[in-house]
Amino acid sequence: MLVTGCRIAEILSTNSALRLARSAADLAHKAGTAADRPMPTNWYFDSRQCVDHPARAYIAIFWGLPTSEDRYQIQPGRCEARIMPCTDSLADPDELRRYMRDAVVLSMLPKAWRNYDLRRIGESIASALFAMLRADFVLIILQNHDSHLTELLRCDPDLDPSSVDHVRTVLKRERATLGDDQGFIVGNGSSGRNLHVATVPIGLSEYAVLAAGSFRAAFPTETERLLLTIGANQAAIAFQHWLGDADKRQFTTLAHRSTDFISIASLSGHIQYVNPAGLQSVGLATPDDALRLRVLDFVSRENRQVVRKTIWPLVLRTGQWKGELDLVHFGSGLPIPFLVDCFRIDDPRTGQPMNVATICRDLSSENQSEAESCHLNETLERRVEQRTIELAAAHKKLMAEKFEREQSDLRFRKLRDEMFRMARFTAAGQMAASIAHEISQPLTAIINSMNATKRLLNRTDRASLAIAQDVASEAVAEALRASEILRRHRQFVRPDEKERRIEALSLMIEEAGELALSSAAPPEANLKFELDSRATHAFVSRVQIQQVLVNLIRNALEAMADQEQREITLATRVVGDGMIEVTVADVGPGISQEIARRLFEPFVSSKHNGMGLGLSISRLIIETHGGQLTAESMPGGGTSFRFTIPSDGIGDVN
């Protein structure tokens, strides 16, 4: 029996061996009592040998006092297992061998868990304890990092599910108080039996517990609790190893799949790991090629002194360095720019430096993209500059063409005005020639008659007086003939009153303004309308009044041709007696006093090429409509022309 306990202790860890040795002593005591064999006086457990050989235990037997306080006492330099009389029922050797076999099986389970995940490990330990303890259920509750609970249950098919639910509720509610060697009893109303539940915490987790239950009244015995504790410890170790291996697998997967250069080196600079992307970036074929090198072998010759004297000591002292370095390509020997993040890895338990890790990102593509971007920007800037020059030249050309067009338009307008002036002169000459031709005969006859009358009046005879009267009558007739000739020519240029009708005054004024701007230079003038809402219609000849307005607006534009501000105000207002006053005002230099006195006389003009007939004709047209045309200089500068026209068709037409 003692030999079996020692062999199991070799397999288990030291803590498990201590408890198993104590259990072996209890079992040996039971077996010795049952067989009426004399027990040795004492057992000794040498802890110094356990320190030197943790996988081996040396047991001596000591028979102590049967008090519960002295059951297990550990003294410095020596560990004694004092055994109190057993309160369990006496066990036979077969049962002891079964317990020993179960303990060995529990200790061997981790070898089968190498490729198991967390759930399969839990299911394996639950199934093993369910069979070893002959329990009615085994329940494992684990809490993940995200506070998610995982439950693993192995139970008797005939067990009432409500009993397990009650156990689960108690475990979740009492998780803060349920610790080692604690349990509780769950009543079963349907069968009348009580379910005895034993709980053991799994590791040091805040909430991870292993619970087993049975309807046996003696459950759990000391040996069964020992097996339950061994199972919980093995599960805790396996879970911890699995979590550690999971972190390692995640790190390994991340490092292998990363496109960055990742390496780990010793504190002395020997390479211990380089990921596949790092090997490919520096032109190495296998990891063994990298393991034969040192950190400085990866650095270009220009940067090795900086790494040796500055960067590496700085990382060992402060823990991190980040910057740009040129690594060497082992195939071509060319330097490769990298963004290097070098940091120290410390032992989480002792805080002492262990390794130096490096994460590098290849900057070749970024530098190439940056160079291409700079080249593109320079090319774009040159193209923009060239295009700007071309646009400036095109703009200059367009401005020159515009100026040339304006000059051409100005010359055309001047030529047109000159032609119009010459046409007017021609018409006036033709009219004057016609008048002179037609009126010369009556005038000659009148002169002759008057001379004859003068001679006849010098005579005193009655016959001469009668002849003088007849000659005078002939002279009067010739004068009337001349008057009729003049009246006929005047009637030719006088408008016909039958052409008058009611016209929309505002529309007529706006059309005249547009017509004046489109045919006058310069056209860049601002027309300001101040129209009286009551002066809506006028009884006029539309063509003749628009001719007056165009003439006045063009005169205003020509007066403001040499100044920047060119504004003309067109206003209307009702003045009473069925008349409407129309005003055309400009902001030009005004009219001189000399011209103002003779402004409406024919052939009087302030323009060097003017005929002086426009205002006289305009005044004639307004007077034929029964209105008046006047002009005055405004105090602030400019000239205001006002004329009146009938609004309802009633006016002095004489």
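User: Which residues is Ser300 in contact with, leaving aside its neighbours within four places in sequence?

Analyst: They are Asp326, Leu327, Val328 and Pro335. Contact here means heavy atoms within 4.5 Å. This is a predicted model, where local features need pLDDT of at least 70, side-chain atom pairs count only at pLDDT 80 or more, and totals for chains, interfaces and linings use all residues. Residues are numbered from 1 along each chain as its sequence is written, and side-chain values use heavy atoms, with hydrogens and water left out.

User: Why is Ser300 called buried?

Analyst: Buried means under 20% relative accessible area (exposed is over 50%, partly exposed in between; 1.4 Å probe, protein chains only). Ser300 has 5% relative accessibility, so Ser300 counts as buried.

User: What makes the link between the side chains of Ser300 and Asn303 a polar contact?

Analyst: A polar contact is a pair of N or O atoms within 3.5 Å; within protein, one must be able to donate a hydrogen and the other to accept it, and residues adjacent in sequence count only if both atoms are side-chain atoms. The Ser300–Asn303 contact is 3.0 Å.

User: How do you know that strand E18 and strand E19 pair?

Analyst: Two strands pair if DSSP finds at least two bridges between them. E18 (residues 567–576) and E19 (residues 579–586) have 8 bridges, in the antiparallel sense. Val574 stands opposite Ile580 in E19.

User: What makes E16 and E20 edge strands?

Analyst: The open sheet has 5 strands in the order E16-E18-E19-E21-E20, with mixed pairing. Strand E16 (526–530) and strand E20 (629–633) each pair on one side only.

Conventions. Helices (H or I, at least four residues) and strands (E, at least two) are DSSP runs, numbered from the N terminus.
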